[in-house]
Amino acid sequence: MPGGSGAGKNRKTSMATTLVSFVALFIAHISYSSAYLNSGLLQHSSAPNNFLTKEEHWFNQTLDHFSPYDHRKFQQRYYEFLDYFRSPNGPIFLKICGESSCNGISNDYLSVLAKKFGAAIVSPEHRYYGRSSPFKSHTTENLKYLSSKQALFDLATFRQFYQDSLNQKLNRSKDIENPWFVIGVSYPGALSAWFRLKFPHLTCGSLASSAVVLAVYNFTEFDQQIGVSAGPECKAVLQEVTELVEKQLTLDRNALKSLFGASELTIDGDFLYFLADAAVIAYGNPDKLCSPLVEAKNAGRDVVEPYASYVKDFFIGSTGFKVETYNQNYLKNTTSGSSDRLWWFQVCSEVAYFQVAPANDSIRSSQVNTKYHLDLCKNVFGDSVYPKVDVTNVYYGGTKIAGSKIVFTNGSQDPWRHASKQTSSPDMPSLVVTCYNCGHGTDLRGCPQSPLSIEGDDTRCESPDAVNKVRQQVTEYIDLWLSECQSDARSWSSV
């Protein structure tokens, strides 16, 4: 596994009482420096909840960070969790929210890290999403301020606002700085890496979990990874399902779409994309998909019906995905509140990630191609919107990002890892959590990745040891980089 050299393994084991000795052994077990250890908060909560907090706070954010003339502001929602904060000089973890409504600070593995480091957690909602929209209507014209570049400046502005507010609350000089560390998963993982790249003076480092830092026009590796993760037997059945579905579409498309509970998807490309996405979600729960399909195939039964049952019972029924989000007519709805239209705008204007069928050996239908995606962008947003993939990669560097003190983590079964940085480079380690059901954001989310596993519970991962190994390495990097912030003579003191 790449990366993995860490810092700070000083251990104190000479304790007088049995209780203190236990704490010392616990510290030794996690191989973690005492430099930032919040020794009074090692015990887990007896009654954990899905969210650490859902209490809303608000901040006046700048609409356009790149215009010297536009001074408009909008209300941006954020959350703070201070239960583990080692006041006044403890670290502040900036957890980045992404392409959906941010309804609180979730109780994933970040809560464990906050306990270990005595850190506060603050989390601003991404512009336009949830309740942080500058406009009541999301017309294409009004979406022109929705971009990763604007979002990064939002984070920088919020970071300064929160630090100033904290200094005022603690009645101390405005020049004092707590150590900050940014953290995100998926697109927020990319924002986390890009924030450290663009604003290295505002954070000690970055955890970029499943960070999709590479904008990709034709993302054929996505479908290929689904095949690898499924295994040869399941992959063959999925390909058979696709072939049978394509044939049945020509015979009785209405009956077929009804079978999958997707009658509203009048555009065949939308329907085929919906079916492809349903298979994707299973990479963190492979047996939910593959076992009934392979069983039906081996028994000589129809394989389309069990796939339809999986789609309706698990993909829609259990994970919360909605058929309407694949409907281009729904995506045209400009009413504020639809995250799907917003993310498609970012896809169609900046990053693409077009999950097209490979030329050979594809699982998804060949009709899910580049033309389908470009037609969707044009139909939903008009002729003026086109994914500027090359511009995005030149601006951030793609997988050749020239940053520092960024730790990248990925799950071995995650198709999105092919848009992440998978090779270590100086001061930017890349770690892979390798196991049968280790998918998107496993290091923070545990297994399965959805629904939420409290405190990133890893007991349902096929290899908890693999998860813990990467978490150990991540902890060491955070500790090292926070310590180096201190040695850089920043104007905050350690305890």
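Start with helix α15. It lies across β7, β8, β11 (406-411) and β12, where lying across means contact, that is, heavy atoms within 4.5 Å. Its direction runs at about 155° to β12. Angles here go from 0 to 180 degrees between N-to-C directions, with axes fitted to C-alpha atoms, for helices over the stretch in contact. Helices (H or I, at least four residues) and strands (E, at least two) are DSSP runs, numbered from the N terminus.

Quick housekeeping. This is a predicted model: local features need pLDDT of at least 70, side-chain atom pairs count only at pLDDT 80 or more, and totals for chains, interfaces and linings use all residues. Residues are numbered from 1 along each chain as its sequence is written, and side-chain values use heavy atoms, with hydrogens and water left out.

Now the sheet. It is open, with 8 strands and mixed pairing. The order reads β2-β3-β6-β4-β7-β8-β11-β12. Pairing requires at least two DSSP bridges between two strands. At the edges sit β2 (57-62) and β12 (430-433), each pairing on one side only. Neighbouring strands are turned by 25° against each other on average, direction ignored.

Take one pair. β7 (residues 180-185) and β8 (residues 206-209) run parallel over 4 bridges. V182 stands opposite S206 in β8. Helix α2 also packs on the sheet, touching β4 (92-95), β6 (120-124) and β7. The direction of α2 makes about 165° with that of β4.

So how do the axes of α2 and α15 cross? They come within 12 Å and cross at roughly 45°, with α2 at residues 109-117 and α15 at residues 464-487. The two are therefore oblique to each other. The cut-offs: under 35 degrees is roughly parallel, over 145 roughly antiparallel, 65 to 115 roughly perpendicular, and the rest oblique. Who meets whom? Y109, L113, K116 and F117 in α2 meet R471, T475, I478, D479 and L482 in α15. By class, that contact has 5 nonpolar, 1 polar and 3 charged residues. Nonpolar covers Ala, Val, Leu, Ile, Met, Phe, Trp, Tyr, Cys and Pro; charged covers Asp, Glu, Lys and Arg; the others, Gly among them, are polar.

Last, disulfides. Counting cysteine sulfur pairs within 2.5 Å gives 6. One of them is C348 with C377, sulfurs 2.0 Å apart. The link is left-handed, at -80° about the S-S bond. This pair links distant parts of the chain, 29 residues apart: C348 in α11 (residues 339-351), C377 in α12 (residues 370-381).
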